[in-house]
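The following exercises concern the reading of local geometry from a set of atoms. Please work through each task before consulting its solution.

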Amino acid sequence: MKNKKLQSNKGALTSAIGIVCNVLLAASKITVGLLFGLVSVIADGFNNLSDCGSSVVTLVAFRISEKPADKEHPYGHRRAEYIAALVTGFFVLFFAVELVRESIEKIVSGVLPETAWIVYLVLAISVAVKAGMFVFYRVMAKRLQSDSLRAAATDSLCDCIATTAVIGSVLIVQFTNFPADGWAGILVALFVLWQGFKIVKEASSKLLGQAPNAELLDKIKAIICSKEGIIGVHDLRVYSYGKDMTFSTVHVEMDASVSSLEAHAVLDSIEHEVKDTLNVTLTAHFDPVDLQDSEALELEARVRDAIEDVAEVIELHDFRLVRGTVNKVIFDVEVSYSCKKTDDELRQSLEKAVKSIVDCDVLITIERK
């Protein structure tokens, strides 16, 4: 808890430093932009002002995310950082659109602004400061594993490139009659728009429930399979509620002859090791496999062969042979999301393949993976 508090304080301090830097840069750019009629410099200043807003959002997010779980939010408040990154992305998009509008107005007016050495000084300092903020945000984002700080780092890089382009446009305006001020604004806006879209896309994906990291899945499976008596693993699911708030469920196959006490002991050790090693709260479900039922095992092998070429089946599990007047075969299959067939079409194809080798009722559950 103390470590999390320290991380939150570091994140808040990082955001506070960003707010101070952006306020100073925005004030200086807007001032010189208004004095000399440079729309690209004014727009760049307002872009820094928007960064102040996103830094405030990030600062608030760090405070919210450190709040403990409560009745309304039993899984904590860690996803507040994703919301902060999303808001930052919308800030970037909004000011990119505004920059396009102002740049077009500047081109249409045809008015050429004046320049002075103070303009170049302010812009040069801005590039240096923003480059330093980019490095600072990147280092802190990596150290604190913060999505909102990563978004702020990307935004700082965009500002750095934008201001460099503004310097180039001001130089062209000074030595030619070409309205480079407006055209540079449009080019910069398109680049910033692209960066904003990337931030929004990443944050939205995590809020909607992004697919878990493949490396994490492999590590969880490795821990499970390292235990004695494990036959198979399936239905591994991972749910993230923000940094350090990851939950998982899994079905673990073991010999049906193992007592419930023995099975519980194995699953309990798996859950503790996953928590201690990967900081993932795992809930493991015991799936008994009757290794003495040779008829069911032989039939399962035949079914696997029969459905192998029918569809993009990744895995077959939970196979059961229910005996009665008419035998029933029950199993689950995992199918790739890339498979274009509907679940009903897949089910019909699989049932046909199974019934071609055995006369029985078939109950199949389709799972996408």
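**Exercise 1: Aromatic pairs**

Phe 331 is buried, with a relative accessible area of 0%, where buried means under 20%, exposed over 50% and partly exposed in between (1.4 Å probe, protein chains only). The model is predicted: local features need pLDDT of at least 70, side-chain atom pairs count only at pLDDT 80 or more, and totals for chains, interfaces and linings use all residues. Residues are numbered from 1 along each chain as its sequence is written, and side-chain values use heavy atoms, with hydrogens and water left out.

Task. State how many aromatic pairs the structure holds, and classify the pair of Tyr 241 and Phe 247.

Solution. 
Step 1. The structure holds 3 aromatic pairs. Rings of Phe, Tyr and Trp (its six-membered ring) pair if their centres lie within 6.5 Å; planes under 30 degrees apart count as stacked, over 60 as edge-to-face and the rest as tilted.
Step 2. For Tyr 241 and Phe 247 the ring centres are 5.8 Å apart and the planes stand at 80 degrees, so this pair is edge-to-face.
Step 3. Tyr 241 is partly exposed at 24% relative accessibility, and Phe 247 is partly exposed at 21%.
Step 4. Phe 319 and Phe 331 form a stacked pair, with 6.1 Å from centre to centre and 20 degrees between the planes. This pair links distant parts of the chain, 12 residues apart: Phe 319 belongs to strand S4 (residues 313-322) and Phe 331 to strand S5 (residues 328-335). Here helices (H or I, at least four residues) and strands (E, at least two) are DSSP runs, numbered from the N terminus.
Step 5. Phe 319 is buried as well, with a relative accessible area of 14%.

**Exercise 2: The sheet and its helices**

Task. Determine the order of the 3 strands in the open sheet, and identify which strands stand at the edges.

Solution. 
Step 1. The order is S1-S2-S3, with mixed pairing; two strands pair if DSSP finds at least two bridges between them.
Step 2. Strands S1 (230-240) and S3 (280-289) are the edges; each has a single partner strand, so one side of each is left without a neighbour in the sheet.
Step 3. From one strand to the next, the twist averages 15 degrees. Angles run from 0 to 180 degrees between N-to-C directions, and axes are lines fitted to C-alpha atoms, for helices over the stretch in contact.
Step 4. S1 and S2 run antiparallel and are joined by 8 bridges. His 234 has His 251 as its bridge partner in S2.
Step 5. Helix H7 (residues 214-225) lies across S1, S2 and S3 at about 145 degrees to S1. Helix H8 (residues 260-278) also lies across S1, S2 and S3, at about 155 degrees to S3.

Methods:
Contact = heavy atoms within 4.5 Å.
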